Amino acid sequence: MSLSILVNTSACVGAGQCALVAGEVFEQDDDGIVVLLEESPGGSQESSVRRAASLCPARAIELRG
Amino acid sequence: MKDIAPSDPRGAANECPALHGRALPTDGTQLRLSPTLAAWRDEAAATPLQYADGHVGWIVTRNELAKEILLDPRFTRETTRLPMPGDPHADIDADAQESIRVGGPLDNDGDVHARLRRAIAPRFSLKAARSYRAKIAEIVQAQIGSIAKHVGPVDLTSAYAAPISAQVHCLVMGVPDRLSAAYSPIFVGESTLQRKFDFAREALALKQQEPGDDVLSDLVRSDLSPHEQEGLALVVLSAGRDSVAHLISTSVVALLLHREQWDWLGANPDRMPAAVEEFVRVGSLFVTLFSRTAKEDLTIGSLEVQTGQSVSVAVAAANRDERQFDNPEQFDVTRDAFGHLGFGHGIHACVGQQVARTVIAEAVWALMERWPGLRLVDAEQLRPLPFAHPVATHATGQVLVEWEQ
């Protein structure tokens, strides 16, 4: 099963950690809030996505799978 | 091993822990963790701590519990707003008092916090930080030119780190040109809170007339009330500037004490972003973060906290927790240092951290490029310095460096 990602935009505090460590999967909109670029990224992205989820200071990234 | 330290090191079994807090130790330096805090961390994840108001709360020294606490909404920041009563610099007018109450993102939780934070977050995104890079590099190069004129040792803190940090702060916040000369004397030098408020009001009034693409202009364009705008303006003008200056100075000290890493980084500039994480891990200004207060009786991990008790996260200890980092006492720019709490964690995590990373990288790199043979003459921070009040932060001190003329 591939990794699927849910982002909680109301919890996001715009710190930018996800965009910093997994820029191909996450970016920030003009308000600084997380935007998910890829809901089910390939295996090569898995470690950076897990890292983004663990570094998110607001625990706004949820991973399934 | 117990998770919670006995409040009395002699271990009186029936004593109430709340009666015996320990004092925050002052035997650490910036680059060497207090041996006392290290011992507390070995003993337990949290230790009873005596707070200034007389009550006994906790200090958390392990990384994992620290993160859990910073993420937990059962703790509030609202009960310990700054300025603390009795602060001699805190004699401010009634509007300013109201602005502090309603406009401080660090001193509010929940929806109030979210509304304030979202008013300033756009100018601190990763994209925004990258957009400032060229201007930050210009500021840094101008400062390199300025210290290059010195003969003999230069204090990197006052002649390089502090001016760079202040100018970048003015750039991002959008301090109007006619006020920029007054910024450093008021926000870097000795000043009063009232003078800072007067400055913030004048800056906001000027931005009302001539808005630009910056934080202060965003505030005047926002739907925040005048008190919220003013309180938030004060916070953004004050916060983060000294931490960035501290990190520039302290990173250089750490690198020059590990010459091989200075040389290696100079030859591998693409590794600077990872190195910056290590700078922040070992060089964060904070011995402890601003304390949190329990809103209810709660259990977190194996720590039991009573309503009203304060809990402080000891960043300096959590950033050197062997449960999180291998060989944590070793400064190593090649390590994976993510997971540190140098920018905090939870909803109050540093909003300016991506800009801070950019400034620190540019400022350290410019020194390496210009003076690969830079030498450390002396740094006050190698010896214990008094904490800054009222939160336990390391003083930066003089950092004297020299180079071949």
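Colleague: How do you know that strand S1 (residues 46-50) of chain B and S2(B) pair?

Modeller: Count the bridges. Two strands pair if DSSP finds at least two bridges between them. S1(B) and S2(B) have five, in the antiparallel sense. Gln50(B), for instance, stands opposite Val56(B) in S2(B). The model is predicted: local features need pLDDT of at least 70, side-chain atom pairs count only at pLDDT 80 or more, and totals for chains, interfaces and linings use all residues. Residues are numbered from 1 along each chain as its sequence is written, chains are lettered from A and ligands numbered from 1 in the order in which they are written, and side-chain values use heavy atoms, without hydrogens and water.

Colleague: Why is S2(B) called mostly covered?

Modeller: Buried means under 20% relative accessible area, exposed over 50%, partly exposed in between (1.4 Å probe, protein chains only). Five of the five residues of S2(B) are buried.

Colleague: Which strand does S2(B) join in the parallel sense?

Modeller: Strand S8 (residues 310-313) of chain B, through three bridges. Ile59(B) stands opposite Ser312(B) there. On the hairpin side, five residues lie between S1(B) and S2(B), and Gly54(B) takes a positive phi near 100 degrees.

Colleague: What makes the phi of Arg59(A) worth a note?

Modeller: Most residues other than glycine have a negative phi. The phi of Arg59(A) is positive, near 50 degrees. Arg59(A) sits in the loop between helix H2 (46-55) and strand S4 (61-64) of chain A. Asn327(B) also has a positive phi, near 45 degrees. Asn327(B) lies in the loop between helix H15 (315-318) and helix H16 (353-370) of chain B.

Colleague: Why is Asn327(B) called exposed, and where does Arg59(A) fall?

Modeller: Asn327(B) has a relative accessible area of 52%, so it passes the exposed cut-off. Arg59(A) has 49%, so it counts as partly exposed.

Colleague: How do you know that Arg59(A) forms a salt bridge with Glu68(B)?

Modeller: A salt bridge is a side-chain nitrogen of Lys or Arg within 4 Å of a carboxyl oxygen of Asp or Glu. Here the closest N and O atoms are 2.8 Å apart, so the pair qualifies. Across the interface of chain B and chain A, the rule finds two salt bridges.

Colleague: What makes up the contact between the chains?

Modeller: Contact means heavy atoms within 4.5 Å. Chain B gives 22 residues and chain A gives 22. About 1,800 Å² is buried between them, 50% of it on carbon and sulfur atoms. That is the accessible area (1.4 Å probe) that two parts lose on being put together, summed over both.

Colleague: How do the side chains along S10(B) point?

Modeller: They alternate. Val399(B) and Val401(B) point to one face and are buried.

Colleague: Why is Ser249(B) called buried?

Modeller: Its relative accessible area is 0%, so Ser249(B) falls under the buried cut-off. Ser249(B) is found in helix H12 (residues 241-257) of chain B. Leaving aside neighbours within four places in sequence, Ser249(B) is in contact with Leu156(B), Thr157(B), Ala161(B), Thr396(B) and Val399(B).

Terms used
Helix = DSSP H or I, 4+ residues; strand = E, 2+ residues; numbered from the N terminus.
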